[in-house]
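These are my notebook entries on a two-chain model. I looked up the salt bridges, the interface and the nonpolar cores in turn.

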Amino acid sequence: MNSAAILQAINIMLAGLKLVESLGINYQEVIDAQKNAEAEGRRKLNRAERRVFIDQAQSAIDKL
Amino acid sequence: MNGSTNVQVSAIATFASVLILWLARYFQPELMATTPEMFGELFTGFLIVVLGWLVPHDASVTKPLGTGSSPKSPAWLALLALAMLILGSCGIQHPRVDSVSDGIVVAAADIETAAQTTQQLCGNTQPGGECAPGATISTDAKNRLRDQLQTAQDQLLLADMALQADESVEASDRLARAEALLTMVQTILEERAR
């Protein structure tokens, strides 16, 4: 394999790792928010809490 | 190390890294939640360097999956990457989704993940910039994925507004549209990451 193929293979693996890692981190934030809401006696997240996640998603799209 | 050994050692290190991080997240979730965002990449790089130092030149690991002339084919790398994704996904705890409100938040987290993965595959350094030379996806593909994610995001915003206005049917409908678009993007990304 030439160096370009090696780099691409490593890039793909790192992207896979990033996918798994990002998913874990982003889901953990949601789980934490849900736990905080439950601790306050609420079953659902309020609009301000939802907007935090929506804004984070928009910020990630804007970087593309 | 020669070329083939380089690739194999990098792949083995990446695979080992994901396995170790997965086990660490499973047994020490609170500790792992404090790690910085690029910790996985840092750890993988560290393992590659250590293994590269330990493994001798021309190490005899040229046929890891019994696939004959596989060192010239990236097929076994794709298998390793797929195994890595499956193993890693097993270690992730999924948030509770029993309301439209939860659905909106989880979909937003999924959009964020998809956007981050797209950026990783593209390697663009500036917003709206071109993908890095040799990137896994082209600039056009990145732009198409960005547009689809933006459309999903717009539906999510409408779902949030509808929920706030107590229009739960409209909110569910908008959320379903966002999720359908997101599923399409995720399928494309998973195919690219294999």
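With which residue does B:Asp98 form a salt bridge, and how far apart are the closest N and O atoms? I found the partner to be A:Arg43, the closest N and O atoms being 2.5 Å apart. A salt bridge here is a side-chain nitrogen of Lys or Arg within 4 Å of a carboxyl oxygen of Asp or Glu.

**Basis.** I note that this is a predicted model, in which local features need pLDDT of at least 70 and side-chain atom pairs count only at pLDDT 80 or more, while totals for chains, interfaces and linings use all residues. Residues are numbered from 1 along each chain as its sequence is written, chains are lettered from A and ligands numbered from 1 in the order in which they are written, and side-chain values use heavy atoms, with hydrogens and water left out.

I located B:Asp98 in the loop between helix H4 (75-90) and H5 of chain B and A:Arg43 in the loop between H1 and H2 of chain A, so the pair joins two chains. Helices are DSSP runs (H or I, at least four residues), numbered from the N terminus. B:Asp98 is partly exposed at 43% relative accessible area, and A:Arg43 is partly exposed at 47%. The classes are buried (under 20%), exposed (over 50%) and partly exposed in between, with a 1.4 Å probe and protein chains only. Both residues belong to a salt-bridge network that also links A:Glu38, B:Arg96 and B:Asp102.

I then looked up A:Arg42, which forms a salt bridge with A:Glu40 at 2.7 Å between the closest N and O atoms. A:Arg42 is partly exposed at 24%, whereas A:Glu40 is exposed at 56%. In chain B, the side chains of B:Arg174 and B:Glu170 meet in a salt bridge of 2.9 Å, N to O. These two are 4 residues apart in helix H7, and so are separated by about one helical turn. B:Arg174 is buried at 18%, and B:Glu170 is partly exposed at 32%.

**Interface.** The size of an interface is often given as the accessible area lost when the parts come together. Chains A and B bury about 5300 Å² between them, 64% of it on carbon and sulfur atoms; this is the accessible area (1.4 Å probe) lost on being put together, summed over both parts. I found 43 residues of chain A in contact (heavy atoms within 4.5 Å) with 69 residues of chain B. The rule finds 4 salt bridges across this interface. Another entry is the salt bridge of B:Asp160 with A:Arg47, at 3.0 Å between the closest N and O atoms. On the side of chain A that touches chain B, H1(A) gives the largest share, 26 residues.

**Cores.** A nonpolar core is a set of buried Ala, Val, Leu, Ile, Met, Phe, Trp, Tyr and Cys residues joined through side-chain atoms within 4.5 Å. The largest has 44 residues, and B:Leu156 is one of those that touch the most other members. H5(B) supplies the largest share of this core, 12 residues. Beyond four places in sequence, the contacts of B:Leu156 include A:Ile54, B:Ile104 and B:Ala178.

Finally, I checked B:Asp110 in helix H5 (residues 100-122) of chain B. B:Asp110 is buried at 11%. Leaving aside neighbours within four places in sequence, B:Asp110 is in contact with A:Leu23, A:Tyr27, B:Leu182 and B:Gln186.

Conventions: Buried area is the accessible area (1.4 Å probe) that two parts lose on being put together, summed over both.
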